[in-house]
Amino acid sequence: MKYETVIGLEVHVELATKSKIFCSCSAEFGGEQNDHVCPACAGMPGMLPIVNKKVVDLGMTAGMMLNCDINRVTTFDKKSYYYPDLPNAYQTTQWFAPICVNGRVDIETSNGPKSIRIKQIHMEEDAGKLVHDDWTDTTLVDFNRTSVPLIEIVSQPDISSAEEAIAYLERLRDLLRFAKVSDCRWEQGSMRCDVNLSVRPVGSDKLGVRSEMKNMNSLSAISRAIKYEIARHTKAVENGETLIQDTRRWDDNEGKSYAMRSKETAGDYRYFPDPNIMPVVIDDEWFDGIKATLPELPEVKRAKYIDELGLSEYDADQLVSSRALCDVFEDAVAVCGSAKEAANWIITDCMQVLNKKKMTADMLDINGTSLGQLIKLVSEDKVSRGNAKRILAAMFENHIADVEAYAKEFGFIVSNDTSAIEAIVKEAIASDPKSVADFKAGKEKALMALFGKCMKQLKGNANPQVLREILIAEINKA
Amino acid sequence: MDIKTLERLQKLNQLKLTEEETEKLMAFFETAGKDAEILDTVNTENVERMVYVMPMTNIIREDIAKKLFTRDQLQEQAPEAMDGYWQVPRLVD
């Protein structure tokens, strides 16, 4: 008998907010233990949650990027939970009226295009961190991550292989990063995935017994875990064994999954509406405002960069790998008018600075308009390329609104004063008769030595062509 | 309420009831069940479920991070704390 795999994914994404979902504590990753904590997220009695508007904004943005319907009246519910990393003994989440429903993500695999339906997206709070201390035989609790805002994106069981799962997750990550919903960093836990998987005979409309693997945080681990589970389920079904619906832990080093506990059913969570959080009503103004901020999809931008702006496929791919690069690029082109130049400056020079700082492309935070001004100054021969790189490095430290004024202030403007150049050239010739003689004897290289000396004296601020001409003229006179 | 349901609720709520407490609770659920039966007789057709007593919506705030308390202030009343962590009995799953 032939079998097919049925996979549904639950993806948790930490939202790009400054503060937590129900209190004003910082939502930043890291920090000393319990440094981002207040009475509300520490679960002290009498504290009331107040919803962070940005969480709703980003929840809606995610829904729109994933073709969902937005529930215009959305509410929060309590889900029973008994671990101390959520001190209220419940998790505040959405069950009865989640913010988004009925979406779709289109993927490409070796079998061609496919649509994966989204069941819902709901907003909820993250749990804190537990550290087990063997010395005192106790558990230590850090509430920094408690109440950091998450969305959970629940797919329908439309995925049938590891390849499709990975294609879906990569597409999800691209769309959410592009819309600035989240930085989606697997390694920092800002994107995590639960895999629900079952196997059934081909053609059967009844789902097999399902297992759930929790909190997977790398694509390679997810792919390996899915392949392992498919083999485990298929073998059990073929041997007529009874599978138990359970929650499993994937051990990536061993390449095996282990049963953790038998799975709760929805009833076990005893969801009920949180009467302390009033319904959130999204009116047309709010809805349209968010819709207006949606970015063009990466593939639309890519086509535009190639067809309208004449970039190579390579350059376009590099730029659309990150929304931050696209934003800087488009602002720069609007000022300097040269797409090719702007792309080069971003892909080569900006990336070089980012790499040095051990930052990713998404962290590019310079002003595109300023970069455009800089590129223009170089193309007009007002600033040398070498000095332009120095100005670019300064842009990473401070916002420079008027690049020409900055270049003037710090002496980076190319001098058109030929008398100043002539004076320096004469000095160089007088101090290095050997190079002059060598050049006259036909050694081209000797000219470069003199050229370098003069350019150094001029702090790079001379038009190379003009300097060369004056140098040759003066040597001939000497 | 039968004893099996109560046992299940105990497990879900991570409670361990004594025999005496179990008897007391069974009696309570018995009465509560009868009260619920009375409520069930009320005709609620076309009546919308009421969750929120106050007619309020959109109690929301802007995304601004503030630090209003220090860790020491918060842990002043903690039964147990260690190295800046809250300390709780060891967790076994």
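Student: Is A:Ser147 buried or exposed?
Tutor: A:Ser147 is buried, because its relative accessible area is 4% (buried is under 20%, exposed over 50%, partly exposed in between, with a 1.4 Å probe and protein chains only). This is a predicted model, where local features need pLDDT of at least 70 and side-chain atom pairs count only at pLDDT 80 or more, while totals for chains, interfaces and linings use all residues. Residues are numbered from 1 along each chain as its sequence is written, chains are lettered from A and ligands numbered from 1 in the order in which they are written, and side-chain values use heavy atoms, with hydrogens and water left out.

Student: Where does A:Ser147 sit?
Tutor: In the loop between strand 10 (138-142) and strand 11 (149-155) of chain A. Helices (H or I, at least four residues) and strands (E, at least two) are DSSP runs, numbered from the N terminus.

Student: What's its phi?
Tutor: Phi of A:Ser147 is near 75°, which is positive in a residue other than glycine. A:Asn102 is another non-glycine residue with a positive phi, near 55°, and A:Asn102 is in strand 7 of chain A.

Student: OK, and what about A:Ser110, buried or exposed?
Tutor: Exposed, because its relative accessible area is 61%. A:Ser110 lies in the loop between strand 7 (100-109) and strand 8 (112-125) of chain A.

Student: Switching to charges. How many salt bridges are there over all chains?
Tutor: 38, taking a salt bridge as a side-chain nitrogen of Lys or Arg within 4 Å of a carboxyl oxygen of Asp or Glu. One of them joins A:Arg192 and A:Glu14, at 3.9 Å from N to O. A:Arg192 lies in strand 12 (residues 191-201) and A:Glu14 in strand 1 (residues 3-14) of chain A, so the pair ties together parts 178 residues apart in sequence.

Student: Which other residue does A:Arg192 meet in a salt bridge?
Tutor: A:Asp126, at 3.0 Å from N to O. That pair links distant parts of the chain, 66 residues apart, with A:Asp126 in the loop between strand 8 and strand 9 (129-133) of chain A. Both A:Asp126 and A:Arg192 are buried, and A:Glu14 is buried as well. A:Glu14, A:Asp126, A:Arg145 and A:Arg192 are linked in a network of salt bridges.

Student: How many salt bridges run between chain A and chain B?
Tutor: Five. Among them, A:Glu32 meets B:Arg71 at 3.5 Å, N to O. This pair goes from the loop between strand 1 and strand 2 (51-52) of chain A to helix 3 (residues 71-75) of chain B. A:Glu32 counts as partly exposed because its relative accessibility is 49%. B:Arg90 also forms a salt bridge with A:Asp137, the closest N and O atoms being 3.5 Å apart.

Student: And how much area do the two chains bury?
Tutor: About 4,100 Å² between them, 57% of it on carbon and sulfur atoms. Buried area here is the accessible area (1.4 Å probe) that two parts lose on being put together, summed over both. In residues, 55 of chain A are in contact with 35 of chain B, contact being heavy atoms within 4.5 Å.

Student: Last one: how many residues of helix 2 of chain A are buried?
Tutor: 13 of its 17, so that helix is mostly covered. A:Lys180, which follows helix 2 of chain A, has a positive phi, near 60°.
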